[in-house]
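Subject: Structure for your files

Hello,

The structure you asked about is below. My notes on it follow.

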2 protein chains.
Amino acid sequence: MTAERIDLDRLESELGRIGIRPDIPRPPRVSTAEHVAAVLSQAIIEGELPPGTQLPEERLGRSLQVSRNTLREGFRLLSHDGLLVHHRHRGVFVPELDEADLTDLYVLRTAIEIGVLRSLGRVDPSRLRQLEDDVRSGEEAARRGRWRQVGTANMDFHQHLISLSDSPRMMRVGRQVLAETRLAFLSLAQPRTLHEPFIGRNRALVGMLAADRVPEAAAALEGYLRDSHEQLLATLREERP
Amino acid sequence: MTAERIDLDRLESELGRIGIRPDIPRPPRVSTAEHVAAVLSQAIIEGELPPGTQLPEERLGRSLQVSRNTLREGFRLLSHDGLLVHHRHRGVFVPELDEADLTDLYVLRTAIEIGVLRSLGRVDPSRLRQLEDDVRSGEEAARRGRWRQVGTANMDFHQHLISLSDSPRMMRVGRQVLAETRLAFLSLAQPRTLHEPFIGRNRALVGMLAADRVPEAAAALEGYLRDSHEQLLATLREERP
DNA sequence: GCATATTTGTCCGTATGTATA
DNA sequence: CTATACATACGGACAAATATG
């Protein structure tokens, strides 16, 4: 209980930095519920709200300056892609992922990412620029020891990889699964050992794509994801005996 | 406008058959918003609400006997997996899929279904029973000329195929993509030519799985989906010049 | 195990904003 | 252009379920 209170307090102090405030107008194209969902999503992914945190309607509504009805609409949006869990008559919580969730997540993630590469024809080199940027910013963050930032760059890399498919639905599912994966990483305490090995492998992937060796890249990615999954599982077992 | 009115009238008359009524209690584990989403989802998939239909809050709320707040929560749930589209300040509508949507849908669908087969080890024969049942009920419906029912059996077949993965997330995405695919089929007027060729191919797939020739089944499924996609595109172009 | 307090679930009324006839 | 219908968003109310002592 106390822990949750503290987390919510921290959220409240962060809110101005992240988003909603009456004096900071938001783009008029976005509904309030969607904006709420975006703010909370970012807070969760950034680790502002650790797994297990409850999000009480009344209090959070006051913090975000939205009515309970609107807040609940935002909750519905987020709970649908696994970033919140809804316990009927108890409220919404930041989910705590277990081993089964992790395995499940990697089954889906592998299907999506491999599916993208298998559906890809030739890759336009100009579209690899984003991937190269992500690799570079990952390397840069690693040099500075900012391991959480390395994780963010890595997620961007995979999101951009998926967007090579030009398929909005693949990108949507990809966004969901990557957000949940990020959640799994966040609950673990060893960002360095988790992220470091994959910086080089990301660069290698870009190389294969640039050389138009897409099937080779697909095979490499499959091993990559298998290794990442196993390492994540091992770390989870280590930290939670 | 007039057409939409008529459709809604039909929905209202169907509502009792489908679900909500004050005197018909629903399972107490399900929130009203989720129940609303389930009812609407079924109505859309069954073709009760043709693509393009608007769902006005006030009127539909009266029909379903729920408040507008609750209805809106249900809308948020559905719009998130593509069964409703939300036009800001205009309302929610049953989506009309175009060619791009169709192609997009099949990219995702292929990734999911092929991903399932590729992640599969040996298949427990007892788990193929559901698939066999779906094939049989498809054949039966075809004999009777109930082509829409053939379509339903086909969707069940693919849902059960995906559930072989034992991955809740794969099954969730599968449900979404299959529901949208069903929507695409519904807007076309040739259920027979669309469904007939695939009855036999479903049976063949079960045969390969039963014989533990999973990679062969994966290859067959890939061709299957490619053909289905092309046929659907051709029909769409034919019916909408 | 019970009584109480808190939180969620659901509904209603209303004021405002927006798109369309 | 105005008129109208509808969605957006808010706040209050009460019932129902859960958590707390």
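Helices (H or I, at least four residues) and strands (E, at least two) are DSSP runs, numbered from the N terminus. The model is predicted: local features need pLDDT of at least 70, side-chain atom pairs count only at pLDDT 80 or more, and totals for chains, interfaces and linings use all residues. Residues are numbered from 1 along each chain as its sequence is written, while chains are lettered from A and ligands numbered from 1 in the order in which they are written.

Chain A

There are ten helices and three strands in chain A, in the order α-α-β-α-α-β-β-α-α-α-α-α-α from the N terminus. Of its 241 residues, 35% are buried (20 or more other C-beta atoms within 10 Å of the residue's own; exposed means 12 or fewer, partly exposed in between; C-beta atoms are placed from the backbone). Helix H5 of chain A (residues 99-118) has 20 residues and reaches 28 Å from first C-alpha to last, close to the 28 Å expected at 1.5 Å a residue (1.5 Å times one less than the number of residues). Because 14 of its 20 residues are buried, H5(A) is largely enclosed by the rest of the structure.

The two copies

Chain B superposes on chain A by a rotation of 180° with 0.1 Å of shift along the axis, RMSD 0.1 Å (least squares on the C-alpha atoms of residues with pLDDT of at least 70 in both). The copies are thus related as by a two-fold rotation axis.

The contact (C-beta atoms, placed from the backbone, within 7 Å) takes 26 residues from chain A and 26 residues from chain B. On the side of chain B that touches chain A, H5(B) gives the largest share, nine residues. That side divides into eleven nonpolar, eight polar and seven charged residues (nonpolar: Ala, Val, Leu, Ile, Met, Phe, Trp, Tyr, Cys and Pro; charged: Asp, Glu, Lys and Arg; polar: the others, Gly among them). Since 100% of the interface residues of chain B are also interface residues in chain A, the copies meet through the same surface.

Met170(B) touches Val107(A), Leu108(A) and Ala111(A), and also Ile112(B), Val116(B), Ile162(B) and Ser165(B), not counting residues up to four places away in sequence.

DNA strand D

17 residues surround DNA strand D, the closest being Thr32(A), Thr70(A), His89(A), Glu57(B) and Gly91(B) (near means a C-beta atom, placed from the backbone, within 6 Å). Helices H2 (32-45) and H4 (68-80) of chain A and helix H3 (57-64) of chain B each supply at least two residues of this surface. Its residues divide into four nonpolar, eight polar and five charged.

Regards

Conventions: Contact = placed C-beta atoms within 7 Å.
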